[in-house]
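Colleague: I have just opened this entry and would like to go through it with you. Could we start with the charged side chains?

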Amino acid sequence: GHDYGQALSKSLLFFEAQRSGYLPHNQRVTWRAHSGLQDGKASGVDLVGGYYDAGDNVKFGLPMAFTVTMMSWSIIEYGKQMAASGELGHAMEAVKWGTDYFIKAHPQANVLYGEVGDGNTDHYCWQRPEDMTTDRHAYKVDPSNPGSDLAGETAAAMAAASIVFRRSNPAYAAELLRHAYQLFDFADKYRGKYDSSITVAQKYYRSISGYNDELLWAAAWLYQASNNQYYLDYLGRNGDSMGGTGWKMTEFGWDVKYAGVQTLVAKFLMQGKAGHHAPVFERYQQKAESFMCSCLGKGDRNVQKTPGGLIFRQRWNNMQFVTSASFLATVYSDYLASSGRNLRCSSGNVPPAELISLAKSQVDYLLGDNPRATSYMVGYGSNFPQRVHHRGSSIVSIKVNPSFVSCRGGYATWFSSKRSDPNLLTGALVGGPDAYDDFADERDNHEQTEPATYNNAPLIGILARLGGGHGGYNQLLPVVVPAPKPVVTKPQPTPSPKTTPPPASWSGPISIEQKMTTSWIAHGITYYRYSTVVTNKSNKSLSSLNLSISKLYGPIWGVTKSGDSYTFPSWLSSLSAGKSLEFVYIHSASAADVSVTNYVLA
C-alpha cells in the first residue's frame, strides 16, 4: 500500500515552494528565496506575499482563492487526522500564507486586487521568481469594474479559513470573517465577471461558468462560518434561479463550483438545518448525488476514465479534476455514513464506502498504481517526473549560483535543458497523463508536467482521511479544528476497552463487530487481543468479500491479505446467509479501523 502520511507531508511542502514575498525563518524549501518584494508598490498598496499558482511567477487571484478554500475545507473535515500525523500546523500555515495576502489585497470594502503580473509578459521570460524583470502591474475589481466570481471565491476562502483559525487564533478568525462579509456584499451588489474587468486574466483563468456559482459557494461558506440565517436563506431563495439546483455537473474546480455548493447544501440538509428550504435543498442534494454517481460510473451521464481508471476531463492539467472530484467523493461518503444513508444512483443504492474506494483508487493511481508505474507527485516513490514545467525548480537555486538569469537567457540555458531539475519540487502534483494513460516527462510539455496549487489543495484532505482512517468521527457535527500541537512521539494512553459498534462508514448487508477479548503487559507495553466478527445479514450467500483494515500494528489471524485488502481465509470460499466469520489480531493500540470495500452476493 501507499504511505499516505508521507504523501501528505510532501504535498504540504509544495506550497512552501510556491510562496511569494519575504520567506520566513522556518521556511523548509531552502532553495527558494525572497521574491516579488515590490508587488503593489506602483499602485500604492502592499501586495507582497501570496502564492504563485503554477510554474510561472504571476499571482492570479481566482485560483489562489480556490486553493485556500479547498485547503481550509480539507482541514475542517480532516484536521483531527492531520493533527495525528503531525501535519496540522503545516497545513494551517499554508492557509494563513494565502489569507494574509487576501487581507492586503482587500484594502477597502469594495476594492479587491485580483492579479499581480500578467501572463503574457511573464510567459515570455523563463526566470527564477527571485530574478524577475517582468511587469508587476496590479489589477483590481471595484464597483465600476466588478468581479463577482473573484470576490465571491475570496469571500469563500476567508470564511472557510475563519473556521480553521476559530479556536487557535480567534482574533484572526474574526478579522477573516469581517473581510468575507464585506467581499460577499461587494460581489452580490456589483455583479459582473472578473475577467471582463481584469482582461489580462482571460487567456489564463477565464471564468466560463460566470459568477452565480461563486455567489452560492460564498453564501454556503459564510453560513458554515457564521451560522447566520441570512446566508442559508440566500441559498434557499436563489438555488433555482442561480443554477444551484439545476446544473448536473461532471466536474469541479477553480472555475465551476456547482458540485461543491451542492455537496455543502446536502450537508446542511443532512444536518437538519434546511427548515422550510428543505424542498429546494433536496434538489441541490439530487444534483450532488448525480455528480457522485457519474464519478462512480453509475449515473446517467458518467465521467470519462482512462483505460487505467483515472478520471479524465481534459488534456491540460487533468489532475486538478481528479483531486477535486475525489475530495467531494470522500467528504460526501463520510456525510452519508454519518447520517446512516446510502447514495442513490440510477442503477440503485450504493453504500458510502464505494465513494471512499473511488477516491482511494484515484489517489493510488496518481501515487504510482497506473499502467506506467509513474508517480505523478514529484519526490514520491522511485519513478516521478524529473523535468517539471516550473521556473524555480528548473533553474539553479539563487543560493547556489546568484548570477542573474535573464528573461530569454533562462529559456536558452535552463528551459531547453534535457537534464533533471536542479531543485526537487517535492510534493508537486503535475498535470498528469493523457486519455490513454500516456505521459511525456518533458519541460515544454506544460499540459502534463506543470504543477498547480489547486491540484494539491483538495489532495491534502483525501490523504489525511486515507492515512488517518475514519476515526469514528461524525462529519455532520459542528466542526472544531484543534490547535496544532508540537509532535510528541511518546506512546498514547490506550482508551479503556469497549465493544465498538460497526463503524459508521458501513451501513450495508454486512455487519462488523469488534471487541477486545483480553490484554496483558509484556516488557512494559500493554497488548490487546481483538476479536472481529463479520456477519452476512442478507438472505443471499456472500461469495466475495474485501475488507479494508487500517491502523493495524500487529499480527492478524483468520483472514487472507490480498493486495491492499483482506479477504476470506483459505478454508472459506463463501459465507452463507446469516453466517459469520471471526478473525483476531493483537497490537498495543485501540481497535483497528475495519470496513467493507467490496462484496458480491450470489
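Modeller: In this predicted model, the side chains of Glu130 and Arg32 meet in a salt bridge, with N and O 2.7 Å apart.

Colleague: Where in the chain do Glu130 and Arg32 lie?

Modeller: Glu130 is in the loop between helix H4 (119-124) and S3, and Arg32 is in the loop between helix H1 (4-17) and S1. The pair links distant parts of the chain, 98 residues apart.

Colleague: Is Arg32 buried or exposed?

Modeller: Arg32 counts as buried, because its relative accessibility is 2% and the cut-off for buried is under 20%. Glu130 is buried as well, with a relative accessible area of 18%.

Colleague: How many salt bridges does a search of the whole structure find?

Modeller: The search finds 25. One of them joins Asp240 and Arg283, whose closest N and O atoms are 2.7 Å apart. Asp240 lies in the loop between helix H10 (229-238) and helix H11 (258-270), while Arg283 lies in helix H12 (residues 278-296), so this pair ties together parts that are 43 residues apart in sequence. Asp240 counts as partly exposed at 43% relative accessibility, and Arg283 counts as partly exposed at 30%.

Colleague: Which residues are linked in a network of salt bridges?

Modeller: Glu16, Arg19 and Arg28 are linked in such a network.

Colleague: Let us change topic. In what order do the strands of the open sheet come?

Modeller: Its 3 strands follow the order S1-S2-S3, with antiparallel pairing. Strand S1 (59-60) and strand S3 (138-141) are the edge strands, each pairing on one side only. Strand S2 (residues 112-116) pairs with S3 over 4 bridges, and Tyr113 stands opposite Lys140 in S3.

Colleague: And helix H9, why is it largely enclosed by the rest of the structure?

Modeller: Helix H9 is largely enclosed because 13 of its 15 residues are buried. Just after H9, Asn227 takes a positive phi of about 60°.

Colleague: Finally, what does the domain assignment give?

Modeller: It gives domain 1 (4-468) and domain 2 (510-601). The contact takes 5 residues from domain 1 and 5 residues from domain 2. Their centres, taken over C-alpha atoms, are separated by 38 Å.

Colleague: How much area do domain 1 and domain 2 bury between them?

Modeller: They bury about 380 Å², 38% of it on carbon and sulfur atoms. Across this interface, 0 salt bridges are found.

Terms used
Residues numbered from 1 in each chain as written. Predicted model: local features only at pLDDT ≥ 70, side-chain atom pairs only at ≥ 80, totals over all residues. Heavy atoms only, no water. Buried < 20%, exposed > 50% of the residue type's maximum accessible area, 1.4 Å probe, protein only. Helix = DSSP H or I, 4+ residues; strand = E, 2+ residues; numbered from the N terminus. Pairing = 2+ DSSP bridges. Domains from an automatic or database assignment. Contact = heavy atoms within 4.5 Å. Buried area = accessible area lost by both parts, 1.4 Å probe. Salt bridge = Lys/Arg side-chain N within 4 Å of Asp/Glu carboxyl O.
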